[in-house]
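Please look over the sequence and the model before reading on.

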Amino acid sequence: MLSELISYEPATGAELWRGQTSDVDTEVAKARSAWPKWAAAPLSERIERIRIFANRVRADLEQFADTIARETGKPLWEARTEVESVVNKVDISVRAYADRTSQRRLDGKIGTRTALRHKPHGVLAVLGPYNFPAHLPNGHIVPALIAGNAIVFKPSEKTPATGAMLVDYYHKAGIPQDAVRLVQGGPDTGKALSTHPDIDGLLFTGSAQTGIALNRQFAHRPDKILALEMGGNNPIIAWDTRDIHSAAVLIIQSAFLSAGQRCTAARRLVVRDTLYDQLVGEVKKIADRLIIGDPHSEPPPFMGPVIDKDVCDNLIESYLALMSRGGRPIKHLKVAEQGRPFLTPGIIDVTDMDDRPDIELFGPLLQVIRVPDFTSAIIEANNTRFGLSASLIGGTPEQYDEFWANSRAGIVNWNAPTNGASSSAPFGGVGLSGNHRPSAYYAADYCAYPVVSSENDVPKAMLGIGLKDEEVAPVLIEE
Ligand code: NAD
């Protein structure tokens, strides 16, 4: 049954968007009917339309960024970088398609051509998260369209305005209305879409909880492609370094950018005990100075609110639970202003806590763990079912080698934040962070399947072995 969906600006509580949830059957049917024509269009034409899309978005950068900032609460400067990522995704995806899934001639037997080509899957559903409501679904949609798929996209129910705007840009660029369909709604609509018999696959970015449910749902459908981009419980190790300030800045960026609402955000700081007082003191000092404010406020804030009041309340509850189980507060996670979901960044030492929960706390909360030696640091970093990103700050080249070799994560950095990954590289994780279908540059891989063909101009063949001698017909002599 259709119902009303409303999006409120987290920073002000003002209503931003109001509309109806969508009928999934209708939208999937439209995409299904449009798919053959889109798939049959020359690649150059599909690319041309998608380049026009990029130009439209570029021309509209300020307006699009404004909507994203209002709807997510992220600072305007950050929303602008999200729009830039949407634009840049187009060139990157054109390159990735050519590099990873283009046509190729392979070596074959003499006289035989062996051709490698790729085909689109058909109609792909895309489910998006709220934290990067344009960049991340676009990261699936652009490569899927280039490959010749039709799309049914459901944005997060917390960011319908951004989702609607994104789809509008595709249509204004001349991508057929029915080749990209928008479905508005919450988890129930998501379920109706992901279980729809007429989709050929699902490209998902969101929480591990939802991803696991989807994985279960697709377990008896090996014929459908399923790409899962999920969360993390990411570690950042701080080891010997003379530049304590830079180390602290990298930790702050990793933990608190986007108010900690990044899948790659550092959740756990693993720090050498001899460095602890100085480094954690510096991290706290900088965290105390971070400006938290409305997306459009001046001077520009470092971070805005979290997405809504429920998320805010749950984070505070999780923080109190850590404290009640032995966590020692270094800087309290607090509601900055009653009634609005602004949080001050929290830092808590959980070294002495038994059974630390291995869950993703998706907000500005950093847990600190003291360790005596580098081996313990690596064990602690890997002490998670997730495996998205991990960073080492400081240490020697040999220690970085050891960290790199032993880290279980898809992104392993040295003296760089855990977040801020490049779209020109593959992006994905192991463990509960993904199902080995990395996105970004490697998204091309899950948007098409390879077809190999051995080809000869004429049928010419002979069996050289395993044949009985040809029977010679007996000659009958007439008497
Ligand atoms: P979410 O899992 O709650 O929702 C994601 C999408 O799935 C939404 O569109 C939602 O409506 C839909 N959905 C929810 N339950 C569903 C169900 N049972 N069946 C079908 N659809 C359903 O995620 P979120 O809270 O919007 O986003 C934050 C999460 O996304 C965090 O865990 C974060 O780490 C993760 N994330 C991962 C990446 C990545 O690339 N690995 C990037 C950004 C965010």
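How many residues surround the ligand, and which are the closest? In this predicted model, where local features need pLDDT of at least 70, side-chain atom pairs count only at pLDDT 80 or more, and totals for chains, interfaces and linings use all residues, 27 residues surround the ligand, the closest being Glu157, Ser207, Thr210, Met230 and Glu360; a residue counts here if one of its heavy atoms lies within 4 Å of the ligand. Residues are numbered from 1 along each chain as its sequence is written, and side-chain values use heavy atoms, with hydrogens and water left out.

Sorted by class, this shell holds 12 nonpolar, 10 polar and 5 charged residues, where Ala, Val, Leu, Ile, Met, Phe, Trp, Tyr, Cys and Pro count as nonpolar, Asp, Glu, Lys and Arg as charged, and the others, Gly among them, as polar. Helix 7 (187-194), strand 8 (201-205) and helix 8 (208-217) each supply at least two residues of the shell, and helix 7 gives the most, with 3 residues; helices (H or I, at least four residues) and strands (E, at least two) are DSSP runs, numbered from the N terminus.

Turning to the helices, helix 2 (residues 43-59) and helix 5 (residues 135-147) pack at an angle of about 150°, with their axes 8 Å apart, the axes being lines fitted to C-alpha atoms over the stretch in contact and the angles running from 0 to 180 degrees between N-to-C directions. Helix 2 is therefore roughly antiparallel to helix 5, a description used for angles over 145 degrees.

Two backbone features remain. A cis peptide bond, with omega about -5°, joins Glu298 and Pro299, and Pro299 has its place in the loop between helix 10 (276-289) and helix 11 (309-324). Ala259 has a positive phi of about 55° although it is not a glycine.

Note on methods:
Parallel < 35°, antiparallel > 145°, perpendicular 65-115°, else oblique.
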